[in-house]
Amino acid sequence: MDLRRFCTGKRMSGLPLGSAAVIFLTGVICLTVLPYHIYIEGAGVAWIYAGIFVVLQIAYGALSFRLMRYARKNPGMYTIPSYFKVRFGLGEPFRFILAVLYSVLLLIVFSCILSSFGRIISRFDVGNYIICVIIIASIALLSVTCFGFGLLAKAAVPAAAVLALTICGIVAYSVVKMGLGTIVRNTIWSDIQGSVSDYINVMMKGQRYLYPEEIVQYISYGLIVFGFIPLLSVFIASPTARMVKRGRRTTAIISIIVFVGASFFGGISRALLYPMDTHNSASDYMYAIAFKLFRGDVIHNILGVGYVTSMILVIVTVSGILLNVIVGMVASDILAPIFIRKPKNSEERHKKEQLLIILVSIFVTGLAAFIACGIRIEVHLLTFVIVIICGIITGPAMIVSLYKKKMSGEGLAAGMLAGLIVYLGLENINVIPSKTGMISVGKYIGIGSIIPAFVISLAVIMIVSRFTYKEDKNRENMFEEVKNRIV
């Protein structure tokens, strides 16, 4: 298997590409995080996932076709660092640094997923936590080394189908048993008595209505999608514009089903579990749901099997795709330029690439499992790293690079650094006095830190590029061709 086939698959179509995007972005959070947070806080957190869904569709329209055309014009481009190298004509050192940065951050995400779901799986009496982490890591390693992105994306189709059908089945059966009104009241944490305002403002959190700035803050999490989907190489793997369009429709349909179903699932779980205290353990919550389903009638048992099955499919698919992305970047952007420079023929090159893929996959998987087993990783770290790598570092750079012809490599580096500094500063430096003590600027302005960091990163990229850009006719012609070409 060569690196390109490993990273982007072979003869990919829109259905698996769209399913892979949905499973990676919404599978885990709609199976676990969204219902869990609705259970303990109310439906206000659903605004986060509404933002992710909306921006997912915008990102497909804004990024997909141009990135896909760059990949078709440059056969050696199959990761984001390699795209930036092609786009700006940067040397290997910058590509190396960028690939190391992405790989380290994604390794943290991979370790967080292994840690979180190792604890969840271990709750089902299938072994202790460390054994479950090793099992999940081993399955991801086997799938990556044997099949690469192609089969992983295709495996996302049944995973997405089982996930959607299971959630819809639980919701439909619960509506029949409980009544729609009960589920809605449980979901929004409000006993609606007929007030028009109550019907309009249903997104509540902790039995209180959200403030407008909180809604803006939650929706802003959708900005991470601008970095997340390109990072998965989904657009680069699309062979034609028709496949991109089909993938976009797939994400829209499956996302709506899973998102709406998962929101109601949170309300259903309140009817099933309340007042059980699961504030500190998502694994306890998922175990309790499965236990309740299996303790019911025949239909409940069937739904319980579907719930556990969809959870396993999603975990395996997400872990495999994430590992594939990390290995692809380490192998192609860091090690290949050093160890695979001048092979005698294509067959020899493919053998070297295959060996590199296997060795890197084993090393990365072992390191991630070691981190997950040795350190207790909290869910908030996963969210923090995803926001940084996708929403702050990658998102603004992807948008400007695909729409501004005269963007420079210096602008790219400055924008990434500025966004990171602003986000970390707004989130962690407490300089504003309040009634409860000193608070951060991000909390003071009320809309969080993602939007200011995202906007400042965009601004810095364009300002620095304005003063550092040097004319390059070849890259300018490529930009125009990619922009105007009808595929």
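Ala-336 is a residue of helix H14. Ala-336 counts as buried because its relative accessible area is 7%, under the 20% limit for burial. Along the chain, Ala-336 and Glu-353 are 17 residues apart, and their C-alpha atoms are separated by 7.7 Å. The model described here is predicted.

## Overall organisation

The protein has 487 residues, of which 55% count as buried. Its secondary structure comprises 20 helices and four strands. When contacts between residues at least 6 apart in sequence are considered, 81% of them join residues at least 24 apart.

The largest nonpolar core holds 155 residues, and Phe-84, Tyr-102 and Val-225 are the members that touch the most other members. Helix H6 (residues 129-178) supplies the largest share of this core, 19 residues. In soluble globular proteins, nonpolar side chains tend to be buried together.

Beyond its neighbours within four places in sequence, Tyr-102 is in contact with Ile-80, Pro-81, Phe-84, Leu-231, Met-329, Ile-389, Ile-393, Thr-394 and Met-416. Among these partners is Phe-84, which is also listed with Tyr-102 among the core members that touch the most others.

How many cavities of 30 Å³ or more does a search of the whole structure find? The search finds two. Rolling a probe the size of a water molecule over the atoms shows where empty space is left. The largest cavity has a volume of about 50 Å³. Its lining consists of Cys-7, Tyr-78, Thr-79, Ile-80, Leu-231, Ser-233, Asn-324, Val-325, Gly-328 and Met-329. By class, six of the lining residues are nonpolar and four are polar, with no charged residues.

Two residues of the cavity lining, Ile-80 and Leu-231, are among the contacts of Tyr-102. Met-329 likewise belongs to the lining and is in contact with Tyr-102.

Thr-79, another lining residue, is found in the loop between helix H3 (46-73) and helix H4 (80-88). Is Thr-79 buried or exposed? Thr-79 counts as buried, since its relative accessibility is 4%. The side chain of Thr-79 makes a polar contact of 2.6 Å with the side chain of Asp-333. Neighbours within four places in sequence aside, Thr-79 is in contact with Cys-7, Ser-233, Ile-236, Gly-328, Met-329, Ser-332 and Asp-333. Of these partners, Cys-7, Ser-233, Gly-328 and Met-329 also line the largest cavity.

## The second largest pocket

The second largest pocket contains about 200 Å³ of space. Thirteen residues line this pocket, and those closest to its centre are Arg-4, Thr-8, Gly-9, Ala-237 and Pro-239. Helix H1 (3-8) and helix H11 (234-237) are the elements that give two or more residues to the lining. The largest share, three residues, comes from H1. The lining divides into four nonpolar, three polar and six charged residues, whereas the lining of the largest cavity has no charged residues.

## Selected residues and through-space pairs

Ser-408 is placed in the loop between helix H16 (379-403) and helix H17 (409-428). With a relative accessibility of 4%, Ser-408 counts as buried. Leaving out neighbours within four places in sequence, the contacts of Ser-408 are Phe-88, Val-464, Ser-465, Thr-468 and Tyr-469.

What class of accessibility does Lys-443 fall into? Lys-443, in helix H18 (residues 441-445), counts as exposed because its relative accessibility is 66%, over the 50% limit. Pro-212 lies in helix H9 (residues 212-220) and also counts as exposed, at 58% relative accessibility.

| Pair | Separation in sequence | C-alpha to C-alpha distance |
|---|---|---|
| Ala-336 and Glu-353 | 17 residues | 7.7 Å |
| Lys-443 and Leu-426 | 17 residues | 8.1 Å |
| Pro-212 and Ile-447 | 235 residues | 9.0 Å |

Terms used
Residues are numbered from 1 along each chain as its sequence is written. This is a predicted model: local features need pLDDT of at least 70, side-chain atom pairs count only at pLDDT 80 or more; totals for chains, interfaces and linings use all residues. Side-chain values use heavy atoms; hydrogens and water are left out. On a 1 Å grid over the protein atoms alone, a cavity is a set of points where a 1.4 Å probe fits but cannot get out, and a pocket is an open set with protein on both sides within 12 Å along at least five of seven lines; lining residues have an atom within 4 Å of a point. Grid points are joined across faces, edges and corners, and a volume is the space filled by probe spheres set on the points. Ala, Val, Leu, Ile, Met, Phe, Trp, Tyr, Cys and Pro count as nonpolar, Asp, Glu, Lys and Arg as charged, and the others, Gly among them, as polar. Buried means under 20% relative accessible area, exposed over 50%, partly exposed in between (1.4 Å probe, protein chains only). A polar contact is a pair of N or O atoms within 3.5 Å; within protein, one must be able to donate a hydrogen and the other to accept it, and residues adjacent in sequence count only if both atoms are side-chain atoms. Contact means heavy atoms within 4.5 Å. A nonpolar core is a set of buried Ala, Val, Leu, Ile, Met, Phe, Trp, Tyr and Cys residues joined through side-chain atoms within 4.5 Å.
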